[in-house]
Amino acid sequence: MAANSSSPSPKRSPAAATEDDDYAKAAIQFIEETTRNAGAVQKNVLAEILTKNADAEYLKGFNLAGATDRKTFKSKVPVVTYEDLQPLIQRIADGDTSPILSAHPISEFILSSGTSSGEPKLIPYTKDESDRRLRLCSLITPILNLHINGLDKGKALAFLYTKPEIKTKGGIIARTTATSLYKTDLFKTRPYNPSNNVYTSPVEAILCGDPFQSTYTQMLCGLYEREQILRVGTLFAYGLIRIIKFLKNHWRELTHDIRTGSLHPKVSDPSIRGCMTRVIRPDPDLADLIARECADDNWEGIIKRIWPNTKFLNVIVTGNMSRYIPTLDYYSGGLPKASTIYASSECYYGLNLDPVSDGASEVSYTLMPNMAYFEFSPLVVRDQSEVLVDLVDVEIGKEYEVVITTFAGLYRYRGGDVLQVTGFHNSAPKFKFVGRKNVVLNIDWEKTSEVELQAAVENASQLLQAFNTSVVEYTSFADTTKIPGHYVVYWELLLPAKGDSVNFPIDEVVVLENCCLAMEESLNPMYRLLRVEGSIGPLEIRVVKSGTFEEVMNHAISRGASIGQYKVPRGVSSKPIVELLDSRVVSTHLSPSMPKWNSEFIKF
C-alpha cells in the first residue's frame with residue numbers, strides 16, 4: 001500500500017520512480033491495480049475520509065459514532081449542494097480555525113470558474129488534496145506515450161495561465177485550481193525529464209497575471225521552437241481558438257521581434273524580460289516564414305503550417321467544448337484531440353485512458369476510485385425510493401449526476417455534472433461527460449437545461465452545413481420584458497475568409513427562421529406545450545458580429561474571471577452582458593410557426 005492507504009499501488013510508485021521506463025511501467029501498473037480493485041478502493045477511501053475527519057464539526061453533527069461503513073454514512077449524512085455548506089465555508093473564510101468541515105487545516109480555497117452562477121464558489125482545499133491531484137496529473141504523460149510514439153523527442157506548446165490570488169477575511173488564499181497547480185514548488189522547479197511535459201512556455205510567463213504579456217511571451221517561445229513542437233494546446237478548446245485569433249491579430253509584432261531579436265514593449269514584466277534574454281535572437285528566415293503563412297487570408301490548417309510536427313491538440317473538447325471541434329479542425333487540418341483528464345474545482349475525478357480521438361463523442365474518462373468516494377444520482381428516476389448508487393454499480397448507457405465525498409471536507413456533495421456510462425475499465429466505470437445539470441433558461445415552468453440547449457443548437461446548426469458555415473459560439477437569455485416571454489439565442493457564425501456575411505443561396509431570413517424552429521422542435525415537451533398554449537413566445541436567434549464573444553470574455557476577465565478557466569456562459573441574465581450582445585447584433589430572426597407537440601411526448 002502507498003502512503004495513501006485508500007488505494008493499492010505498484011511496488012514502486014510513479015512518484016518514486018527515477019528511470020523513464022520504470023516510471024511509465026509503475027504508472028500504468030498503478031492504474032491497472034487501482035481500477036481492478038475499484039470496489040475495495042472505494043470502501044477504503046470512505047473509511048479513510050471519515051477516520052481522518054472524525055473530529056470535524058460537520059460530521060459530528062450526524063452522530064456517526066466512529067462508524068466508517070457505507071450503510072451508516074448514507075443513512076445519516078444528507079446529500080447537499082454548495083448553498084447548504086456556504087455558511088460553514090464562510091466561517092472558515094472569515095478566520096474560524098476550528099475543525100469545521102475537515103479535521104486538517106484548510107490550506108487554501110479553490111475558486112470555481114464562476115461562469116454558471118454569479119460569484120465564484122470557495123472550495124476547501126488541503127495540502128493532502130493538492131498532493132493527490134498532482135499524483136493523478138503525473139499519470140497523464142505515461143498514458144499518452146502508450147498511444148503516441150516519440151513524444152519524448154519534442155516539446156509541448158501549452159498555453160497555461162494563472163490568475164492573481166485573493167485573500168479571504170481570515171487570510172486564507174483563494175485561487176483557481178490551475179493557479180494552485182502552477183504555483184506548487186513541484187511545478188515551478190520540475191527538472192528536465194522526458195516523462196515530464198516539456199513546455200516551451202517559461203514559468204515566468206505562466207505565472208504572469210497579465211493576459212497579453214503571458215500569451216505574447218508563450219506564443220513567441222512557441223514560434224522560436226516551432227520544429228520541436230509535437231503538441232499544441234491549452235485547457236479548453238475555446239481557449240485554443242482564442243489563441244489562434246491572438247496570433248492572427250499580433251503576428252506582425254511577433255515576426256518583428258523574431259526578425260530583430262527584440263521584445264514587445266508591452267511585455268514589461270521584469271521576470272519575463274529577464275528570462276527571455278535566453279530565448280530571443282534575430283532570425284530573419286523564421287520571421288519571413290511565419291509572416292508568409294499568417295499574411296495568407298486562408299488560415300485553414302494554420303497550426304500544422306506553423307508547427308509542422310504537431311501530432312495532436314491537447315484540449316478538452318467534451319461537454320460544451322464540443323461546439324468548437326469544427327473550428328479546431330479548420331485551424332489544425334483535422335488533427336486528433338486529446339482530452340486527458342476530467343477535473344473540476346471540487347475534485348479531480350479521473351483520466352482518459354484512450355486519450356487521442358477525433359471528436360467529443362469518442363471521449364470517455366475512467367474514474368479513478370482513489371480520488372474521492374463517488375456516488376451517482378440517476379438522471380431518470382424510476383420511483384421516488386431510488387437511492388444513489390456506488391461507483392461499481394452504475395449501468396452502461398445510463399446518465400447520472402455525480403455526488404462526491406472528498407478528503408478536503410465535502411460530504412455527499414452534488415457536483416452538478418451529468419455523466420453517461422460508456423463502459424468499464426476493469427471494475428472502474430468509464431463516463432462520457434454530458435454537461436452541467438443546471439438550468440439555463442426558464443420562462444414559466446419548462447426549465448430548459450444546458451444539455452438540452454446545446455442539443456437544440458447542434459440540431460439547428462445542421463441546417464447551415466449546406467452553406468459552408470457553422471455556429472462558432474452561442475449564449476442565451478430568457479427575455480421577459482414582453483408578455484409572453486421568449487427565448488433569445490445569440491449566434492456568432494463562422495464567416496468566410498473574405499467578406500462580412502454568409503453567402504446563403506436563398507433568402508437568409510428563411511434559413512435562420514428555420515433554424516429557430518429547429519431549435520424549438522429540439523427542446524423538451526414542457527417547452528413545446530407552453531409554446532402551443534401561448535405561455536411562451538417564438539424563439540429568437542440574434543446573429544452577432546464576428547468577435548462578439550471575445551468582447552464578452554474580456555468583460556468577464558475585467559470583472560475577475562480567470563482567462564485560463566473561462567468558459568462562455570450558456571445562459572446570461574446580467575444587463576451589461578445583454579446590452580453588449582445587443583449592441584453587436586446584425587440580424588434578428590423569429591421562429592415562423594409552432595413546434596410540434598402532443599401529449600404522447602410526455603411520460604409521467
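**Notes on strand pairing and helix packing**

1. In this predicted model, helix α17, which comprises residues 450–461, lies across strands β20 and β21 and runs at about 125° to β20.

2. Strands β20 and β21 belong to an open sheet of 4 strands, ordered β20-β21-β22-β23, in which the pairing is mixed. The edges are taken by β20 (471–479) and β23 (585–590), each of which has a single partner strand, so that one side of each is left without a neighbour in the sheet. Averaged over the sheet and with direction ignored, neighbouring strands are turned by 20° against each other.

3. Within this sheet, β21 (residues 486–493) and β22 (residues 540–544) pair in the parallel sense over 5 bridges, and Tyr490 stands opposite Arg542 in β22.

4. Helix α20 (residues 548–558) packs against helix α21 (residues 575–583) at an angle of about 155°, with the axes 10 Å apart; since angles over 145 degrees count as roughly antiparallel, the two helices are therefore described as roughly antiparallel to each other. The crossing of α20 past α21 is right-handed. On the α20 side the contact is made by Thr548, Phe549, Glu551, Val552 and His555, and on the α21 side by Pro576, Ile577, Leu580 and Leu581; by class, this contact has 6 nonpolar, 2 polar and 1 charged residues.

5. Elsewhere in the chain numbering, strand β6 (residues 229–236) pairs with β7 in the parallel sense over 4 bridges, and Val232 has Leu313 as its bridge partner in β7. Of the 5 residues of β7 (residues 312–316), 4 are buried, so this strand is largely enclosed by the rest of the structure.

Notes
Residues are numbered from 1 along each chain as its sequence is written. This is a predicted model: local features need pLDDT of at least 70, side-chain atom pairs count only at pLDDT 80 or more; totals for chains, interfaces and linings use all residues. Side-chain values use heavy atoms; hydrogens and water are left out. Buried means under 20% relative accessible area, exposed over 50%, partly exposed in between (1.4 Å probe, protein chains only). Two strands pair if DSSP finds at least two bridges between them. Axes are lines fitted to C-alpha atoms, for helices over the stretch in contact, and angles run from 0 to 180 degrees between N-to-C directions. Angles under 35 degrees count as roughly parallel, over 145 as roughly antiparallel, 65 to 115 as roughly perpendicular and the rest as oblique. A crossing is left-handed if the near helix is turned anticlockwise from the far one by less than a right angle, and right-handed if clockwise. Contact means heavy atoms within 4.5 Å. Ala, Val, Leu, Ile, Met, Phe, Trp, Tyr, Cys and Pro count as nonpolar, Asp, Glu, Lys and Arg as charged, and the others, Gly among them, as polar.
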